[in-house]
Amino acid sequence: MKIDDPKLEAVLEFIRDSPDPVAVFDGEGRLIFENAALERLGCTASLVGYLAGNEGSDTLAMGLKRSKQTPFAFLDGERRLKGQIRRINTATGLAVAAVRIQQTATMADLTKLRRSQSAAGYNAFERQAVSERFSAFFENAQAGMGVLNGMGRFVLANPAMEKLLGRPEARIRGRTLEEMVDIGDRQGRLFTPGVGESHLAPDAAQPFDAIIPLGDGDIPVEISLTERMVSRRAEFFVVIRDMTESRRLKEVRELNAQLAAAQRVRDDFIRLMSHEMRTPLSTLVSAAETLQQQPGLDEETANRAHQIEEAARDALTQYSSILSLSRGSAHRASRLLPSDLIDRLLRQYAPTAERNKIRLEGAAYGAALKEVPVDPTAAFLIMTNLVSNALKHTPAGGEVRCEVRAKRDERILELSVRDSGTGVPEALRPHIFEPYRTGAGEMEIDVGLGVGLSLVKRAVDDAGGMIEMQSETDMGTTFIITLPFLEIEQQEQIKETARREGLDLAPMDRILVIDDDAVSREILTATLRSHGFDAEAVDDGAAAVELLSRPETEWPRMIFLDREMPGLNGADTARRIRGLQGERKPYICGLTAYLDDLTMTQLLEAGVDHVEEKPFSRVRIEQITGLSKARPPLGAHLSEDHRLMARSLLRRETAKLLDMMRRDLLIEAADVAQGLSRTLCVIRADEESRLMCGLATRLRQGVCPRAGVRRRIQALGDLI
């Protein structure tokens, strides 16, 4: 019978595989469908006959009207069977009833049997599906996989195993693992012998390394073995993984670790050597600068001191540049004054040019008096090597010209050095920037080691710039370099300025200098005192901590702290000071001979507010302490004669005051202090005037000042 009702079709599909005997009849008692369970029961004919009779048709009609099941009974030969009729709601409104036959105990047993057979079939299906999935995994696995029998011989190998072992499965089956793979000292120890079969040895249960020997090279592998029992017989599942890439990765990681360790050792060595080599140069710069500040210095001595200072500064700059190149350090975000670069070059090389009768000229263009964001150490290294090279290759009577051109619209700095010398031989030009390549043997001229131009090339590349050479034999050579402007980050400068806003240092404020180098310590202390500060110095971190731990110590407003010191270094000293400070928060300026990012980070994390690279000038000291914008020079409104008189008076009266205080003549000392206060007011030293006024009051009260105040009084004689 054709059924055109989707809802009825779904019901028939549901009861088709039901273990209960079910049939479907229409309202006339005609059989529409019977399932397999009813067919096996063999009572369909008797059921159809019953429903066709009067009793059965009435029962069917009653069942189609009710929503509940309608029970009935009928005879199938000698068997009396029971059933229920239940109406089926269809999509088309067709009157249809489902008739389910109740099973006897025998029938139930038969049903259970059928169900168990069905379950067994389902389990077999599942096993087949699992087997197929495993087979797909086994065939497509990246690792080599195989099965060994109880005697340790291959019975199965996947394609990856064939590739690893370099032979087809047919040539693998029947062979032992030891025959195919070099397992080293595990040979003959993978399995323990048994009766007719073997078992996995205990030490073979963990993955182990082995080698697959092939004609074109050995393959390092890792082998994993697993034992399982199949039908009371042992078999082994083996997985072989190619460890070539893993070992390479491990070797690369080990090499990287060794390289990083070597880099740290090198950086520590460079940092230490930088301190040891830069410190004497820094001291020389500071000493020369201090010497130039001495009154009554004759002009020739002042010029020589200035030359010493400039030469030492140039040596420091070049040394820093070479160190940065050797370490691959990032360029410091700083600025270059083009005119200053030209001036330094002319000062440095004028004696050489004059001695060799060469005309040396230089010029800066493009707002030369405005700074540009280019690393000044890199620019100086480039130009010094190019000018030095040009002077070597230019004969007497020739000319060397260096130029710096700031192209602000293009955001580049153009450097050029032109000479009228011998030129570069054509054969040498492709190799001119290679290290240790010189013109010796090709040009009759004194040349160096051949590292200058290679340093130039490396510095230009490191800065992301370009270099161009134009040369003609016997006509001269021109080098043109372009350096891109750096992106100057103002954040650190903003932070430093913000940290100093509340500092507001003034003359007579207390400053502590902590430095193990005696000369540097004395020069910095003297410079601070010449600016009117009450400066005290100690030679190591432990001494500073001990000093600041005393209850009677007057804490400084500012501390200059050297980084490299024996015993307690600068970072540890800063931490100890921060731990002691409480409400007192001195501004700590770290000092180091060589400043890089790591040093900066270490000191800032230790509690240092700002880090300076040695040496730094009197101008820089004024900038750091805030004096550069604090007030005009004291006594600037006085004539020269009056300034000399004021200076003489201050020195005489301060000496007198200190003498009276030493002799405990406090009342007399108070009168002198009051007079000093008036003198200081005349020269507009307001802070010092108030200090002396307060001192006079305390002296009249019988209070003798501490040593710090005495040092402030002594510094008054150098205010003008």
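Predicted model: local features only at pLDDT ≥ 70, side-chain atom pairs only at ≥ 80, totals over all residues.
Let me zoom out for a moment. The protein chain has 23 helices and 22 strands. There are 720 residues in the chain, and buried ones make up 43% of them. The accessible surface comes to about 38500 Å², and carbon and sulfur atoms hold 51% of that. If we take the contacts with a separation of 6 or more, residues 24 or more positions apart account for 60% of them.

Now, on to another sheet. This one also has 5 strands and is also open, but the pairing is mixed, and the order is β13-β14-β15-β17-β16. Its edge strands are β13 (359-365) and β16 (466-472), and each of those pairs on one side only. Here neighbouring strands are turned by 10° against each other on average, again with direction ignored.

Which helices pack on this sheet? One of them is α12, residues 376-392, which touches β13, β14 (399-407), β15 (412-419) and β17. The direction of α12 makes about 15° with that of β15. Helix α13, residues 452-462, packs on the sheet too, touching β16 and β17. Its direction makes about 145° with that of β16.

Let's look at the β16 end. β16 and β17 (residues 476-484) run antiparallel and are joined by 7 bridges. As a reminder, most residues other than glycine have a negative phi. Is Asp-474 buried or exposed? It is exposed, because its relative accessible area is 61%, and the cut-off for exposed is over 50%.

Arg-411 lies in the loop between β14 and β15, and it has a positive phi of about 55° although it is not a glycine. Arg-411 counts as partly exposed, because its relative accessibility is 38%.

My last stop is a pair of helices. α16 (residues 541-549) and α17 (residues 570-580) pack at an angle of about 5°, and their axes are 10 Å apart. So α16 is roughly parallel to α17, since angles under 35 degrees count that way. Who meets whom? From α16 we have Gly-541, Val-545, Leu-548 and Ser-549, and they meet Thr-573, Arg-576, Ile-577 and Leu-580 in α17. The residues of this contact divide into 4 nonpolar, 3 polar and 1 charged.

That's my tour. Thanks, everyone, and I'm happy to go back to any of these views.

Notes. Residues numbered from 1 in each chain as written. Heavy atoms only, no water. Pairing = 2+ DSSP bridges. Helix = DSSP H or I, 4+ residues; strand = E, 2+ residues; numbered from the N terminus. Axes fitted to C-alpha atoms, helices over the stretch in contact; angles between N-to-C directions. Contact = heavy atoms within 4.5 Å. Parallel < 35°, antiparallel > 145°, perpendicular 65-115°, else oblique. Nonpolar A, V, L, I, M, F, W, Y, C, P; charged D, E, K, R; others polar. Buried < 20%, exposed > 50% of the residue type's maximum accessible area, 1.4 Å probe, protein only. Areas by Shrake-Rupley, 256 points an atom, 1.4 Å probe, with all protein chains shown as cover.
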